[in-house]
Amino acid sequence: MSGVWVWIEHQDGKIAGVSLEALGAARGIAASLGEDLTAVVTGHDVSSVADAAFNYGADAVVGSDDPSLADFRLEAHGPLLAGLVEERDPTVVIAGASPRGHDLTAWIAAQLDAGQVPDGIDLGVEDGKVVVTRPVYAGKLLCDAVVSDGVQIVNLRSRAFAPAEETGGSGEAEWVEPAVAEEDIPTEVVSFESAGSQVSLTDARIIVSGGRGVGGPEGFEPIRELAQALGAAVGASRATVDAGWIPYEHQVGQTGKTVSPDLYIAAGISGAIQHQAGMRTSKIIVAINTDPEAPIFKLASYGVVGDLFDVVPALSEEFRRRLG
Amino acid sequence: MKVVVCVKQTPSTTAVFSVENGSVNWEDPGGKPNVLNPWDEYAVEEAILLQEEHGGDAIALTMGPEESQEALKTCLAMGCTEAVLVGGGDFQGSDTLGTARVLAAAIRKLGDVKIAVFGKQAIDGDTGQTPVQTAVKLGWTPLTFVSAITEVDEDAGTITVERLLPGGKETVTTKLPVVISVVKEINEPRYPSFMGIRKANRATIPTWESGDLELEGAAGVEASKVDWSNVYELPPRDSEVELIEADTPEEAARILADRLFEEKVI
């Protein structure tokens, strides 16, 4: 048993951010274990992805390049990865905790009856084992989980690890045949409707969020303006989503998205425990609220006690001026 | 058509947690510490909608301790036609893989199930892995992050769904039977009706134990491949809030912008 593997998620020939972070984290684990780092690339016309994986520090690339792998279908990718893991016996298999990475690691673990820890936010090595720190109970507690025997399968949450850096490395990828023939894959991807170029909440470096204090759907206008000035994504508390002021896809919190941006600006958000569960790992939190007793101030690095309808537009103006 | 909805009883969303000697405890200020996992409400609703449209059964299934009956009663009160509890000490401490083996065995025992519906994840373990793993154990196709079931063709044995993925919406068609896990966008869960609650309270929910199932592989704490025992409370955020003192919003904005540039987060 040897080797640290990273499954590379990609789009339009480029490695996804969450996979660059996985490569960065895996490099550290490989160094601690004294083992090689292998990137696993699956898809169709993916030689440029393999090249990029070498450039981002992979010692080796193994993969499969086939039309049947063009769409991400679990019945094709799952058995392929599981077969490779069974045959080559790596110590650790890492993926990003994106929907695809999540599903794929779950599949491999189930097919191989192996141990798997999802949603890692920190990794360490103790006694030759990978220790994965992950949030449990909706982020209200943490757990240091360890796979007790066999291959250790892990997926890592977006924005929790520094991405791998370009090394200028290159090499020859090793390509294998797909595990499942097209006619044996029951699923067909009929269409994909792109949501456009909106900044996704979980990948955003900056999030500006509005809460009950915005008062109504039009109250999100200044929030959006500030987000635009900062190139940020727009978040929302559950109360505003339940009230129908903004669509659910913006909800941050226990039954919404869990986010971890560099900067989280909470405007008119009191900071209920369910909201905190979704954003408390943000690097810098700014709270803007008329109520100085609001729980959000206990979490915040910076606070402004004041009306968001005064403070947020002033901030937009200030950032537009400075950021040009 | 026989539809199964796999649910879990979890701590409420308002529960406050503490950890003592490695054991997790919680209390709820509202006095209702355990609920049907909030994500599962959407799965239950979708199972009932499928039953209403296609006839047959919508069976609620859970693996858990005796008190998980309460979650199943919520499912019955909402409109599920039957409920089954899979319990007993042998399954206690199962990880997602053990749980998947047990649920797969229970679904096989129910027989002729076409669709097994799950919520996105449970708000306690928060892994979101059980639907895919149950599908693998059944040899069925998993469809995750489903935001709409657009067509179920029982005669052709096919299902078409929309999946909400980062960057867009994917439409896929596959063969029945399937395991699907649903996201919040799929529906608006109904509230239990008064009649439903009365019916649920009178219902006798069967309990299946390990002897009742043909389990492939083991479940329970011994079979778990992951040691999850090291659970602890979050370290407090070390930052003390700096309140920006200013006479005007413009001045506050200027000072705050200075700080944020100094922090290098802009």
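In which hand does helix 3 of chain B pass helix 4 of chain B? In this predicted model, the crossing of the two helices is right-handed. Helix 3 of chain B covers residues 96-110 and helix 4 of chain B residues 130-138, and their axes lie 8 Å apart at an angle of about 55°. The pair is therefore oblique. On the helix 3 side of chain B, the residues that meet helix 4 are B:Thr96, B:Leu97, B:Thr99, B:Ala100, B:Arg101, B:Leu103, B:Ala104 and B:Ile107. Their partners in helix 4 of chain B are B:Thr130, B:Gln133, B:Thr134, B:Lys137 and B:Leu138. Sorted by class, this contact of helix 3 with helix 4 in chain B holds six nonpolar, five polar and two charged residues.

Helix 3 of chain A (residues 74-88) and helix 4 of chain A (residues 99-112) have axes that come within 9 Å and cross at roughly 55°. These two helices are therefore oblique to each other, and their crossing is right-handed. Helix 3 of chain A brings A:Leu74, A:His77, A:Gly78, A:Pro79, A:Leu81, A:Ala82, A:Val85 and A:Glu86 to the contact, while helix 4 of chain A brings A:Asp103, A:Leu104, A:Trp107, A:Ile108, A:Gln111 and A:Leu112. Nine nonpolar, three polar and two charged residues make up this contact in chain A.

A further packing in chain A joins helix 5 (residues 220-230) and helix 9 (residues 308-323), with axes 9 Å apart and an angle of about 20°. From helix 5 of chain A come A:Pro222, A:Ile223, A:Glu225, A:Leu226, A:Ala229 and A:Leu230, which meet residues of helix 9 of chain A including A:Phe309, A:Val312, A:Phe319 and A:Leu323. The contact of helix 5 with helix 9 in chain A counts 11 nonpolar residues, one polar and two charged.

Attention now turns to the meeting of the two chains. Chain B gives 65 residues to the contact and chain A gives 73. Among the elements of chain B that each supply at least two residues to the side touching chain A are helix 3, helix 4, strand 9 (141-153) and strand 14 (226-233). Helix 6 of chain B gives the most to this side, with nine residues. By class, the side of chain B that touches chain A has 31 nonpolar, 17 polar and 17 charged residues. Within strand 11 of chain B, B:Gly168 stands opposite A:Ser194.

Some backbone details remain. Most residues other than glycine have a negative phi, and most peptide bonds are trans. B:Leu176 and B:Pro177, however, are joined by a cis peptide bond with omega about 0°. B:Pro177 lies in the loop between strand 11 and strand 12 (178-182) of chain B. In chain A, A:Asp12 has a positive phi near 50° and sits in the loop between strand 2 (10-11) and strand 3 (14-15). A:Asp12 is exposed, with 6 other C-beta atoms within 10 Å. A:Arg159 also has a positive phi, near 70°, in the loop between strand 11 (152-156) and strand 12 (174-175) of chain A. A:Arg159 is buried, with 22 other C-beta atoms within 10 Å.

Definitions and conventions. Residues numbered from 1 in each chain as written. Chains lettered and ligands numbered in written order. Predicted model: local features only at pLDDT ≥ 70, side-chain atom pairs only at ≥ 80, totals over all residues. Axes fitted to C-alpha atoms, helices over the stretch in contact; angles between N-to-C directions. Helix = DSSP H or I, 4+ residues; strand = E, 2+ residues; numbered from the N terminus. Parallel < 35°, antiparallel > 145°, perpendicular 65-115°, else oblique. Left-handed = near helix turned anticlockwise from the far one by under 90°. Contact = placed C-beta atoms within 7 Å. Nonpolar A, V, L, I, M, F, W, Y, C, P; charged D, E, K, R; others polar. Pairing = 2+ DSSP bridges. Buried ≥ 20, exposed ≤ 12 C-beta atoms within 10 Å, placed from the backbone.
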